[in-house]
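Reader: Can you walk me through this one? I'd like to start with the charged pairs.

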Amino acid sequence: QVQLVESGGGLVQPAGSLRLSCAASGSIFSRYVMGWYRQVPGKQRESVADITSSGSTNYADSVKGRFTISRDNAKSTVYLQMNSLKPEDTGVYYCYAGLPRGPGILFDAWGQGTLVTVSS
C-alpha cells in the first residue's frame with residue numbers, strides 16, 4: 001500500500017500563493033490517480049483537483065484558473081500550486097492516491113492533512 005506525506009501548508013494573506021506537496025512511497029506511484037480534497041469545518045469534504053496517471057486534470061469550479069495540480073513521477077510527488085488565494089480556501093487539505101474504477105476512484109491511501117489558512 002502507498003503511504004503519503006504532505007507538506008507546504010501555512011498562513012498566507014488573501015491573493016497570496018502556496019504550494020502543497022504530497023510525497024508517496026511504498027508502491028508504484030505512476031499508476032495512481034492523485035488528488036486533493038479539502039475539509040472546512042462545518043462543511044462537507046470537497047474535491048479540489050485530481051490528476052490521472054496520464055496527466056489529465058480536473059478541478060473544482062471554485063479553484064479553476066487559480067490552482068494547478070501536477071505530478072513528478074520520478075519523485076513520486078504530486079503538487080498543488082495555489083494562487084490568488086481567498087479566505088474561503090481555508091481548510092485542511094488532504095492528498096489521496098487512488099485507482100480508477102468505472103466512473104469513479106477506489107481510494108487507496110490518504111495523507112495526514114495540511115492546514116491552509118488564508119487571512120489578513
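Author: This is a predicted model. The structure holds four salt bridges.

Reader: What does Glu 46 pair with, and how far apart are the closest N and O atoms?

Author: Glu 46 pairs with Arg 38. Their closest N and O atoms are 2.8 Å apart.

Reader: Is Arg 38 buried or exposed?

Author: Arg 38 is buried, at 4% relative accessible area. Glu 46 is partly exposed, at 27%.

Reader: And which residue forms a salt bridge with Asp 89?

Author: Arg 66 does, with 2.7 Å between the closest N and O atoms.

Reader: Which residues are linked in a network of salt bridges?

Author: Arg 38, Glu 46, Arg 66 and Asp 89.

Reader: What about Asp 61, which side chain does it meet?

Author: The side chain of Lys 64, in a salt bridge of 3.1 Å from N to O. Asp 61 is exposed, with a relative accessible area of 66%.

Reader: Why does Asp 61 count as exposed?

Author: Because its 66% is over the 50% cut-off for exposed.

Reader: OK, strands now. How do β4 and β5 pair?

Author: Antiparallel, over five bridges. β4 covers residues 33–39 and β5 covers 46–51. Trp 36 has Ala 49 in β5 as its bridge partner.

Reader: How many residues lie between β4 and β5 in the hairpin?

Author: Six. Gly 42 is in that turn, with a positive phi of about 85 degrees.

Reader: Which strand does β5 join through three bridges?

Author: β6, residues 57–59, and the two run antiparallel. Ala 49 comes up again here, standing opposite Tyr 59 in β6. β5 and β6 also make a hairpin, with five residues between them. Gly 55 in its turn has a positive phi of about 100 degrees.

Reader: What is the strand order in the open sheet of four strands?

Author: The order is β1-β3-β8-β7, with antiparallel pairing. β1 (3–7) and β7 (67–72) stand at the edges. Each has a single partner strand, so one side of each has no neighbour in the sheet. On average, neighbouring strands of this sheet are turned by 15 degrees against each other, ignoring direction.

Reader: How many bridges between β7 and β8?

Author: Six, in the antiparallel sense. β8 spans residues 77–82. Within that pairing, Ser 70 has Tyr 79 in β8 as its bridge partner.

Reader: Switching topic. Which cysteines form a disulfide?

Author: Cys 22 and Cys 95, with sulfur atoms 2.1 Å apart. The structure holds one disulfide. The angle about the S-S bond is -80 degrees, and the link is left-handed.

Reader: What parts does the pair tie together?

Author: Cys 22 lies in β3 (residues 18–25) and Cys 95 in β9 (residues 91–101), so the pair ties together parts 73 residues apart in sequence. Both Cys 22 and Cys 95 are buried.

Reader: Aromatics next. How many aromatic pairs?

Author: The count comes to six. One of them is Tyr 96 with Trp 110. Their ring centres are 5.4 Å apart and their planes are at 50 degrees, so the pair is tilted.

Reader: Where do Tyr 96 and Trp 110 lie?

Author: Tyr 96 is in β9 and Trp 110 is in β10 (residues 104–110), so the pair ties together parts 14 residues apart in sequence. Tyr 96 is buried, at 1% relative accessibility. Trp 110 is partly exposed, at 33%.

Reader: Which residues do ring pairs link into a cluster?

Author: Tyr 37, Tyr 96, Phe 107 and Trp 110.

Reader: Last one. Where does Gly 10 lie?

Author: In β2, residues 10–12. Gly 10 is partly exposed, with a relative accessible area of 24%.

Reader: Which residues is Gly 10 in contact with, leaving aside neighbours within four places in sequence?

Author: Leu 18, Leu 115, Val 116 and Thr 117. Gly 10 and Leu 115 are 105 residues apart along the chain, yet their C-alpha atoms are separated by 6.1 Å.

How values were computed: Residues numbered from 1 in each chain as written. Predicted model: local features only at pLDDT ≥ 70, side-chain atom pairs only at ≥ 80, totals over all residues. Heavy atoms only, no water. Pairing = 2+ DSSP bridges. Axes fitted to C-alpha atoms, helices over the stretch in contact; angles between N-to-C directions. Disulfide = S-S within 2.5 Å. Buried < 20%, exposed > 50% of the residue type's maximum accessible area, 1.4 Å probe, protein only. Contact = heavy atoms within 4.5 Å. Phe/Tyr/Trp six-rings, centres within 6.5 Å; stacked < 30°, edge-to-face > 60°.
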